[in-house]
Amino acid sequence: MSSVALLTQESFAEHRSALTQQQVKVTALNSEEEKDPPTYEEAFPALPEKAPCLEAAREPAGPWSKIRPIKASVITQVFHVPLEERKYKGMNQFGEGEQAKICLDIMRKTGAHLELSLAKDQGLSIVVSGKAEAVTKARKQIVARLQTQASATVAIPKEHHRFVIGKKGEKLQDLKLKTATKMQIPRPDDPSNQIKISGTKEGIEKARHEILLISAEQDKRAVERLDVEKVYHPFIAGPYNKLVRELMQDTGTRINIPPPSVNKTEIVFTGEKEQLAQAVARVKKIYEEKKKKTTTIAVEVKKSQHKYVIGPKGNSLQEILEKTGVSVEIPPTDRSSETLILRGEPEKLGQALTEVYAKANSFTISSVSAPSWLHRFIIGKKGQNLAKITQQMNSFSISVPICKQFHKNIIGKGGANIKKIRKESNTKIDLPAKNSSSETIVITGKRANCEAARHRILAIQKELANSTEVEVSIPSKLHSSLIGAKGRFVRSIVKECGGVHIHFPTKGSGSDTVSIRGPAQGVEKAKKQLLHL
């Protein structure tokens, strides 16, 4: 039962005299000077008995009309840095060393207040308080200085780059601040249409989405927006975005689905009117079918195990979607909920549930008690002892048989492909020597990381196995005309035909053979277009 203290004129006078004795200063809201404590009538003026008209009712006369609403100027936001994205992982660096220096520097430069805590899964939770602008600036620095960075590129027409930059670069600066990323836009004299984005995975996804939306607004082709409930986006994208890529290739329409980290439901289509209508119709069909056929079940999984269900870069979720056709919805890291939602066709939910529990239990966390004075000996100089233990315990190898003919494609030009897979999956990948008859590729790392690398390698093999290559004989004197100024014509064909590879012989070689490689449908289309030109 609650109680209310009643303040009378007499009791107020008593409190007033006490406050005066203690020399407590009271400042009026709209005054810059300090005044004596107010009287009862001044502090609690009588409300007007009756407003003479509607205007008077809206703006009451007397001292009450002077009071202005006070807006909260301080906001608080919580950011979570997963263990795999932490720059400083050593236990001896938490609360001291470089990480602490960086946090103090961020507070000094932005005026925001930072509080750090370590979760059971060794992820870093950062509570940031301050004015909205200070919190935004602090977030950008946290991402840049405490999280590991990734990079990606997004291609949009060269003539749209200026709209991403905006007047005096204001649009670009706002975009960088909002997504906590860095962006490199090619100079006007550079023919490249690729914008490079670096930052966290989530930040890159947000930035890419925003850039594509800006480009769609400027595109002279038809643009259509379709509102689709967020929970059905995974079914439209398909596992590893395969379905949406096929749809774009078949219709020649660009389809922009908001990433999971962006709280938007609109899917944006850009393309020629007739082809765009086909793409929209197919997406609508998938959406309506899934709404009718799918149902959901809720399961409880410990919060600390959620990241194992997600997998490195979301690979485990994609694997479950590919195997079972079921989408798994995970609550955000900043919420305490442990409930996962499985959405799919009823007969597939059982298999998906088994997969979820298998992923969740693939790793466990346990604690060991040791006196605090022993900690520095366990850690070792510069974390050497801990590093040695984790390397020994986390080492895991799997063998992947891949057709020998595809090994060079997996390696890539100058080793670019294999380096990228190693970096993204944080694994060691060994391929057999060129003169060896072995087809086995060995991957070493942590269990989940090895799976991510294996899946990527198998995806490359599948893509190569489904591709075809044709040779077209075209007189060499016409090659430069077909390529066009700065590759204009050939880039247009590649784009329209779903990213096929068109290789012209070296200038002056005298060869008439042009090779085209890629998905069968795209290759045939590109061949026709080249011959038509």
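**Exercise 1.** Work out in which order the three strands of the open sheet lie, and which of them are edge strands.

*Solution.* In this predicted model, local features need pLDDT of at least 70, side-chain atom pairs count only at pLDDT 80 or more, and totals for chains, interfaces and linings use all residues. Residues are numbered from 1 along each chain as its sequence is written, and side-chain values use heavy atoms, with hydrogens and water left out.

Step 1: the order is β1-β3-β2 with antiparallel pairing, where strands are DSSP runs of E with at least two residues, helices are runs of H or I with at least four, both numbered from the N terminus, and two strands pair if DSSP finds at least two bridges between them.

Step 2: β1 (75–81) and β2 (113–118) each pair on one side only, which makes them the edge strands.

Step 3: β2 is joined by six bridges to β3 (residues 124–130), and Leu116 stands opposite Ile126 in β3.

**Exercise 2.** Find the elements that give two or more residues to the largest nonpolar core.

*Solution.* Step 1: this core has 19 residues, and those with the most contacts inside it include Val228, Ile236 and Phe269; a nonpolar core is a set of buried (under 20% relative accessible area, 1.4 Å probe, protein chains only) Ala, Val, Leu, Ile, Met, Phe, Trp, Tyr and Cys residues joined through side-chain atoms within 4.5 Å.

Step 2: the elements are α9 (233–237), α10 (242–251), β9 (266–271) and α11 (273–293), and α11 gives the largest share, six residues.

Step 3: a second, separate core of 16 residues includes Tyr88 and Leu124.

Conventions
Buried means under 20% relative accessible area, exposed over 50%, partly exposed in between (1.4 Å probe, protein chains only).
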